[in-house]
Amino acid sequence: MTLLTWSERLALPCRAVAKLCGWLLLVLMAVILYDVIGRRFFSTGSFKLQELEWHLHGAIAVLCFGYAYVENAHVRIDLISQHMRRNTRLWIEILAIVAFLIPFMLLLTWYGYDFTLRSFQRGEGSPGGVGLPNRWIIKSAIPLGAVLTIFGGLSVLFRCLSALKNPDLEARI
């Protein structure tokens, strides 16, 4: 199997979760509209709705990091790299993925899992008891998002390695 095939396979979960998060954006929008209209015109509203808004927004952001990396939609400072040769940029990307992205995301997965597990075991909910219960659900987005970012990083890594071997291939970095 080629590196590009592996790259595409690793990008699939990132794209699938991003598609799901696109639908979650519609849910988030509906929750926000309901909350704003209820507060403004019907004197309703609750801490639970506000927490749900924060949870949905946070989950969407964290779960889409891998997709953003695969699609080259992440923040990048190109002032220096735009003047570098293509292979130099590819090598910098490869080294950054191997030396920084993957180790950091592995740590985030490890500690995020422990963070989520402790929350589940304690039955953690919102402080004061007026918000949402089962805080572990939103906390589970942290290690899951880190794993998806690892997949996205490996996908880009394999794409860069393929581009080094085949100069005609566009690496999109």
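Let's start with a pair of helices: α1 and α6 are roughly antiparallel to each other, a label given to angles over 145 degrees, while under 35 counts as roughly parallel, 65 to 115 as roughly perpendicular and the rest as oblique. The model you are looking at is predicted, so local features need pLDDT of at least 70, side-chain atom pairs count only at pLDDT 80 or more, and totals for chains, interfaces and linings use all residues. Residues are numbered from 1 along each chain as its sequence is written, and side-chain values use heavy atoms, with hydrogens and water left out.

Helix α1 covers residues 3-41 and helix α6 residues 141-165; their axes come within 8 Å and cross at roughly 150°. (Helices are DSSP runs of H or I with at least four residues, numbered from the N terminus.) The crossing is left-handed. On the α1 side, the residues that meet α6 include Leu 3, Trp 6, Leu 10 and Val 17, and among their partners in α6 are Leu 148, Phe 151, Phe 158 and Lys 165, where contact means heavy atoms within 4.5 Å. By class, this contact of α1 with α6 has 13 nonpolar, 4 polar and 2 charged residues.

Stay in helix α6 for a moment and find Thr 149. Thr 149 counts as buried because its relative accessibility is 5%; buried means under 20% relative accessible area, exposed over 50%, and partly exposed in between, with a 1.4 Å probe and protein chains only. Leaving aside neighbours within four places in sequence, Thr 149 touches Phe 65, Gly 66, Leu 101 and Met 105.

Now move to helix α2 (residues 47-63), which holds His 55. At 17% relative accessibility, His 55 is also classed as buried. Beyond its neighbours within four places in sequence, His 55 is in contact with Leu 132, Arg 135 and Ile 138.

Next come the aromatic rings. The structure holds 1 aromatic pair, meaning ring centres within 6.5 Å, with planes under 30 degrees apart called stacked, over 60 edge-to-face and the rest tilted. Phe 120 and Trp 136 form this edge-to-face pair, at 5.2 Å centre to centre and 85° between the planes. Phe 120 lies in helix α4 (residues 86-122) and Trp 136 in helix α5 (residues 136-139), so the pair ties together parts 16 residues apart in sequence.

Finally, look at two loops. Most residues other than glycine have a negative phi. Ser 43, in the loop between α1 and α2, has a positive phi near 50° and counts as exposed at 70% relative accessibility. Asn 72, in the loop between α3 (65-70) and α4, has a positive phi of about 55° and is partly exposed at 30%.

Terms used:
Axes are lines fitted to C-alpha atoms, for helices over the stretch in contact, and angles run from 0 to 180 degrees between N-to-C directions. A crossing is left-handed if the near helix is turned anticlockwise from the far one by less than a right angle, and right-handed if clockwise. Ala, Val, Leu, Ile, Met, Phe, Trp, Tyr, Cys and Pro count as nonpolar, Asp, Glu, Lys and Arg as charged, and the others, Gly among them, as polar. Rings of Phe, Tyr and Trp (its six-membered ring) pair if their centres lie within 6.5 Å; planes under 30 degrees apart count as stacked, over 60 as edge-to-face and the rest as tilted.
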